[in-house]
Amino acid sequence: MSGGAVSVEERGEGGPPGTPVLEASAVTKQFGGLTAVNDVTFSIPERSIVSIIGPNGAGKTTFFNILTGLYKPTLGRVTFDGKDITGGRPDKIMKQGLARTFQNIRLFGTMSARENVMVGQHSRMKAGLFGSILHTPGVGREEKRAREKAAEELEYVGLKPNTHDQLAINLSYGDQRRVEIARALASDPKVLLLDEPTAGMNPQESDSLTAFMRRLRDERGVSILLIEHDMKVIMGVSEHITVLDHGEKIADGGPEEVRNNPQVIEAYLGKQAAEGH
Amino acid sequence: MSTVAVPGKQRARFRMPELSPRQNLALTVAFIVAAALLPFLLDEGGRIMDNLVLGAAYVVMALGLNIIVGFAGLLDLGYVAFFAIGAYMMGYFGSGFWADAGNGEGVSLLVGEPAASLPGFHFNFLVIIVIAVIATTIAGMIIGLPTLRLRGDYIAIVTLAFGEIIGRIAINGDDLPVLGKVTAGRQGITPVDKIDLPFTDRFQSLNLRPWYWFALAMVVLVLFVNFRLRDSRLGRAWIALREDEVAASSMGVPLVRTKLLAYGTGAAFGGMSGAFLASYLNTVNADQFQFSFSIFILAMIILGGLGSIWGVVLGAIVLSAINNYVIPEVLNQKPKEWFNLDFELSQLSFGIFGFLLVIMMVLRPEGLLPERRRQMELEEGIGSDEAVYESRMS
Ligand SMILES: Nc1ncnc2c1ncn2[C@@H]1O[C@H](COP(=O)(O)OP(=O)(O)OP(=O)(O)O)[C@@H](O)[C@H]1O
Ligand SMILES: [Mg+2]
């Protein structure tokens with residue numbers, strides 16, 4: 001724990017303000033000889049939007065997978081809402097209020113948009129084997145409520161009602177991304193992890209997603225952790241940015257600070273600048 | 001993402017139409033009424049009645065296996081184990097097998113004469129069904145446990161081994177070390193009590209109608225359970241984990257629990273049907289519990305269309321008709337009559353099933369009455385995602 005405390009101090013005023021809801025301290029993940037995430041300490045305050053950036057293969061998605069329980073960290077600890085969730089089961093972590101989307105969309109393709117969002121409510125529902133077979137009044141009400149909630153979430157992310165019963169696989173790419181967010185939101189999470197949500201979107205769609213993230217934070221009090229490559233989105237929406245390179249945290253701070261950090265420019269922005277962006 | 005369907009694979013094919021709940025209810029009622037009236041057209045003790053009883057019992061098993069393989073996508077090659085366990089429960093609690101029970105005078109529970117005064121345990125059939133269901137549910141979960149860390153092909157191998165173990169115990173169980181005599185091996189436990197329900201006469205071996213109606217009642221029950229579960233929270237969770245375990249668990253579906261519920265529920269119907277068949281066939285014989293029986297039931301659901309409830313019913317009816325009628329009565333008899341040939345085609349029956357399945361895989365891999373989802377999974381490769389989930393599910 002002392003290691004984590006020191007690095008929080010080190011960050012000084014650069015650290016994100018507010019009470020942290022999710023904290024990772026000194027997290028390391030090795031795959032055989034490869035260290036994908038190396039001693040990363042990180043926290044998300046309540047009601048905030050923070051980002052992780054870094055070049056391809058920097059370890060961003062791996063870090064997400066550690067937070068959500070898909071990977072057990074080789075070293076380090078993850079606490080969520082004051083509880084230790086290090087290496088916990090993904091479904092339990094989800095139930096506690098940590099929901100996510102995937103970099104390469106992972107919707108249930110043969111289910112409708114609505115059914116996908118209903119699966120997202122699994123942890124909030126109670127119907128068991130016998131209740132479902134007997135279809136007790138309680139189960140009937142719960143099922144009806146889940147359908148309504150699914151429709152509400154889909155509308156919240158901007159899907160028109162006529163698309164709700166379409167199969168996920170038949171939706172446009174942008175709509176699939178939206179359904180994935182709705183599916184994650186259906187569990188009313190405290191923290192939402194978005195892995196490159198604007199990938200493959202046009203500039204207008206990216207803009208509306210940026211606005212949507214702010215709305216989500218302000219209206220529903222959700223904290224958002226964003227992985228992104230689109231600098232316009234990142235700089236526009238993030239309160240705090242953490243930069244990973246080769247699995248290590250090389251910088252963190254507000255957008256201005258990170259933009260002007262020489263190490264970051266070298267590792268990441270520098271490459272883009274050289275390419276003429 | 002494979003949002004674009006592969007060209008050339010979009011052949012318009014017939015599949016199970018999407019029925020509204022009302023249409024589905026109408027179809028179900030029509031099916032049950034027609035099936036219930038069928039015996040009045042037939043000789044009550046005839047060969048066809050016999051085949052219908054067996055067919056109905058197979059439909060129960062096929063719909064049970066459908067929950068495991070069709071809904072949850074867990075390829076189970078050892079379903080015969082549940083048939084065996086259900087049948088042995090019938091043998092244990094409805095025959096003279098435990099001759100020492102009650103100091104040789106027998107123990108009876110809610111049964112009439114003559115069973116009540118015979119040695120061995122003689123429980124009411126409904127009690128035995130409950131015992132069989134509980135025993136097979138537990139067995140289903142036990143077989144489920146070691147497969148939880150596994151995927152696809154590995155699950156198939158473990159379940160296959162489990163079926164074989166039960167089959168071996170059945171064969172050699174007449175003299176096991178420590179346990180002693182727990183089965184009657186190839187000789188079989190016989191006779192087995194006939195079903196004796198309250199308010200009706202004991203079932204007879206010459207009048208098969210009551211047997212048939214009882215089996216039909218089990219079919220109705222398993223159909224009902226299939227439909228209700230398909231459209232439930234649990235049913236959605238099964239489809240989700242069948243398509244993508246990583247996404248499912250990240251969305252809050254507990255994998256272990258959800259899979260075990262599929263194994264347990266599916267197994268329960270195998271046990272129920274197994275207990276029924278033991279009473280109907282009047283024997284619990286190790287030769288019944290061979291690997292080929294698992295394949296027989298699995299072939300029914302593949303033929304009909306994995307996960308498609310009506311498809312599975314159709315597949316079970318077609319295959320049991322082929323097994324019980326076409327092969328022994330037509331393929332075996334006609335060539336003899338016509339050409340004076342003398343060979344036993346029934347020896348080749350599994351060759352014939354295999355041949356049918358191969359033909360099926362070539363012409364219509366999605367089954368006779370496929371379910372929309374499964375058809376898409378086959379044609380568009382959904383559910384074949386690579387996995388990032390570390391196997392650490394203990
Ligand atoms: N399951 C795994 N097994 C082995 N190596 C892995 C595994 N997952 C990720 N890696 C490796 O870890 C490193 C970090 O990968 P990661 O996917 O986290 O990068 P990323 O920052 O998300 O990159 P991108 O921007 O391309 O999405 C890469 O070198 C990758 O090959
Ligand atoms: Mg990534």
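**Contacts between and within the chains of a predicted model**

Between chain B and chain A, ten residue pairs are in polar contact, with both residues of each pair at pLDDT 80 or more. The model is predicted. By residue class, the side of chain B that touches chain A holds 19 nonpolar, seven polar and 14 charged residues.

The extent of this interface was also computed. The size of an interface is often given as the accessible area lost when the parts come together. For chain B and chain A, the area buried between them is about 3,900 Å². Carbon and sulfur atoms account for 60% of that area. The contact joins 40 residues of chain B to 42 residues of chain A. Two salt bridges are counted between chain B and chain A. In one salt bridge, B:Arg236 is joined to A:Glu143. The closest N and O atoms of B:Arg236 and A:Glu143 are 2.6 Å apart.

The chain is divided into domain 1 (1-97 + 189-277) and domain 2 (111-187). Their contact draws 19 residues from domain 1 of chain A and 15 residues from domain 2 of chain A. Between these two domains, about 1,500 Å² is buried. Carbon and sulfur atoms give 59% of this buried area.

Polar interactions also cross the domain interface. Six residue pairs are in polar contact between domain 1 of chain A and domain 2 of chain A, with both residues at pLDDT 80 or more. Two salt bridges are found across the interface of domain 1 and domain 2 of chain A. A salt bridge also links the side chains of A:Glu205 and A:Arg178, at 3.7 Å from N to O. On the side of domain 1 of chain A that touches domain 2, the elements giving two or more residues are helix H3 (90-96), strand S7 (191-195) and helix H8 (203-220) of chain A. The largest share of that side comes from H8(A), with seven residues. The residues on this side of domain 1 of chain A comprise ten nonpolar, two polar and seven charged.

Strand pairing in chain A was examined next. Strand S1 (residues 20-31) and strand S2 (residues 34-45) of chain A pair in the antiparallel sense over eight bridges. Within this pairing, A:Glu23 has A:Ser43 of S2(A) as its bridge partner. The hairpin of S1(A) and S2(A) has two residues between the strands. There, A:Gly32 takes a positive phi near 60 degrees. S1(A) also pairs with strand S4 (residues 75-80) of chain A, again in the antiparallel sense, over five bridges. In that pairing, A:Phe80 of S4(A) is the bridge partner of A:Leu22.

Two loops carry backbone features of note. A:Glu196 lies in the loop between S7 and H8 of chain A. A:Glu196 is not a glycine, yet has a positive phi of about 50 degrees. In chain B, the loop between helix H5 (152-172) and H6 holds B:Pro191. The peptide bond from B:Thr190 to B:Pro191 is cis, with omega near 0 degrees.

How values were computed
Residues numbered from 1 in each chain as written. Chains lettered and ligands numbered in written order. Predicted model: local features only at pLDDT ≥ 70, side-chain atom pairs only at ≥ 80, totals over all residues. Heavy atoms only, no water. Domains from an automatic or database assignment. Contact = heavy atoms within 4.5 Å. Buried area = accessible area lost by both parts, 1.4 Å probe. Salt bridge = Lys/Arg side-chain N within 4 Å of Asp/Glu carboxyl O. Polar contact = N/O pair within 3.5 Å; in protein donor to acceptor, adjacent residues only side chain to side chain. Helix = DSSP H or I, 4+ residues; strand = E, 2+ residues; numbered from the N terminus. Nonpolar A, V, L, I, M, F, W, Y, C, P; charged D, E, K, R; others polar. Pairing = 2+ DSSP bridges.
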